[in-house]
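The entries follow in the order I made them.

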Amino acid sequence: MSTSKDEIKQQHLLAEKIVSTNSKPCAPLVNRGEIPLTWKQHPTVNDPFYAEQKAKEEGGEEKKETTSDNVVSMNEIDITLHECKINDQHDPACCISSRGVVDVSPLAALVEEGHNDDAPPPPSKTRNNKTAIATTNKIKSITNLWDVNNAKINNVQITRPAHDAWGIKKIALIFCDDFLHNVYEMPWWHDVSTTKSMSAQKQPKLTVADQMRKAFEPILDALNIKPNRLVRCLFAAMPPGATIPTHHDTGLWVRHTHRVHIPIIVEDPNCILFQCGPTEDTMIRVACVPGHVFEMNNQAKHGVSNCDPTEHRVHVILDYVDEDFVIPNRIKLQANETLLQTRRSIDRTLDAGKRPTPSYFILGAQKSGTTSLYDYLNQHPLIVRAKRRETHCLDWRWDDSLKTTKARQEHCLSFFYAKELHKHPSLLTGDSTPSYLLDSKQCIDRMKEVFP
């Protein structure tokens, strides 16, 4: 359920009060190692442990003390990491693990230009609900990686609907769909020089990807991972006065990945309220000091407010999988490619039409469970219902007046969201019409003709 604008406003006002009074100091930096993925199979708030704790508190029992580390004020933080084995799933402090403190100045230099500019307004809608096309694609500065036109032409642009609506800018390097079927590497990540064997005098100018990969090395070293384990990686610039409301992440990818944040450009860490914990009442504050590489359990409740009145906050957000996780497809996108996204899927425009519509038929005797089977299938996020369950496009609604195969195909496809599905081959739809068995010979011939 989305958070209302009024609720976000209230959360931001509370954040400003906490920041101005320093009433919730940051927890110290403690390296607990990797957060076990077994702790991320379900949202932490659904853990019966917390329901029992709440019931006990409401019944008058004292709140259970946790082993969370003593908090210290922001100005007293020692960025030398403390070591502590992660061993208590229900300790709020164990939702965060400080994996290292590294030099991020090379990354900051790459993304400093334009980071404090306001995000462009979201694309407007025309009367027929189509997205209005920008009137110019001029790049103002080739070194400004936040420039939307620069990203469109020299990289690949993605959408993050909620973040886009909150004015949070992004530079995408790696992204995946919700089911980890495809991982997409953007040119600004994969387009490295291929002439390393040339003499120093002939070496070409370093690409953006060359500089990015080099600048990311300290982060990957701190995490002890190789680049091929990354499934998402992007920069996010949060505007002054913005709040990402308390939430937990959703999608199959969450339970298979380790979520890591790294502050890159933060003018005043005291102005950032980043919180994470098993429940809203047990969230701890995380130090957003540049170079702090911290893993968080994003199945836990978390939220962030930028209470700085003038400066954007820039973080790297990355997700990586365990070494034994198999990624089906790792795709290197070309500059200026277009991706089409739904809430759970990502498709290249190059792949439009690769999946037939419909993708399946449910045939069976009447009263044999075909309706239930159809409903079960349509619970999957990548399956789209037909405009009606029993289309009957091959029997009762077959139009004998149509004289060409093309006309008959168009008529039968009108019972599905064919135009939309053509652009999104990750999605599929089907027909469940049991009566096709009553006239199977004729229906099979028609099926061969219009759905070859």
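Entry 1. I began with Asp 375 and Arg 385, whose side chains meet in a salt bridge with an N to O distance of 3.4 Å. I then looked up where the two sit: Asp 375 is in helix 9 (residues 370-377), and Arg 385 is in the loop between helix 9 and helix 10 (405-413), so the pair ties together parts that are 10 residues apart in sequence. I noted that the model is a predicted one.

Entry 2. I checked the cover of this pair. Asp 375 has 30% relative accessibility and counts as partly exposed. Arg 385 is also partly exposed, and its relative accessible area is 42%.

Entry 3. Asp 178, Arg 232 and Arg 344 are joined by them into one network.

Entry 4. How many salt bridges does the count come to? I noted 14 salt bridges.

Entry 5. I turned to Arg 330, which forms a salt bridge with Glu 185; their closest N and O atoms are 2.6 Å apart. This pair links distant parts of the chain, with Arg 330 in strand 14 (residues 329-332) and Glu 185 in strand 5 (residues 182-185), 145 residues apart.

Entry 6. Is Glu 185 buried or exposed? I found Glu 185 buried, because its relative accessible area is 8% and buried means under 20%.

Entry 7. I looked up Arg 259 next. Arg 259 forms a salt bridge with Asp 249, and the closest N and O atoms are 3.6 Å apart. Arg 259 lies in strand 8 (residues 257-265), while Asp 249 lies in the loop between strand 7 (243-247) and helix 8 (252-255), so this bridge ties together parts 10 residues apart in sequence.

Entry 8. I checked the cover of both partners again. Arg 259 is buried, with a relative accessible area of 7%. Asp 249 counts as buried too, at 11% relative accessibility.

Entry 9. Last, I went to the surface. Which residues gather there in a patch of negative charge? I listed Glu 112, Glu 113, Asp 117 and Asp 118.

Entry 10. I followed up one of them, Glu 112. I placed Glu 112 in the loop between helix 3 (105-111) and helix 4 (148-154).

Key. Residues are numbered from 1 along each chain as its sequence is written. This is a predicted model: local features need pLDDT of at least 70, side-chain atom pairs count only at pLDDT 80 or more; totals for chains, interfaces and linings use all residues. Side-chain values use heavy atoms; hydrogens and water are left out. Patches are made of residues with over 30% relative accessible area and no salt bridge: like charges are joined within 9 Å, nonpolar side chains (Val, Leu, Ile, Met, Phe, Trp, Tyr) within 5 Å. Accessible areas come from the Shrake-Rupley method with a 1.4 Å probe; for residues, only the protein chains shown count as cover. A salt bridge is a side-chain nitrogen of Lys or Arg within 4 Å of a carboxyl oxygen of Asp or Glu. Lys and Arg count as positive and Asp and Glu as negative; His and the chain ends are not counted. The place of a charge is taken as NZ of Lys, CZ of Arg, CG of Asp or CD of Glu. Helices (H or I, at least four residues) and strands (E, at least two) are DSSP runs, numbered from the N terminus. Buried means under 20% relative accessible area, exposed over 50%, partly exposed in between (1.4 Å probe, protein chains only).
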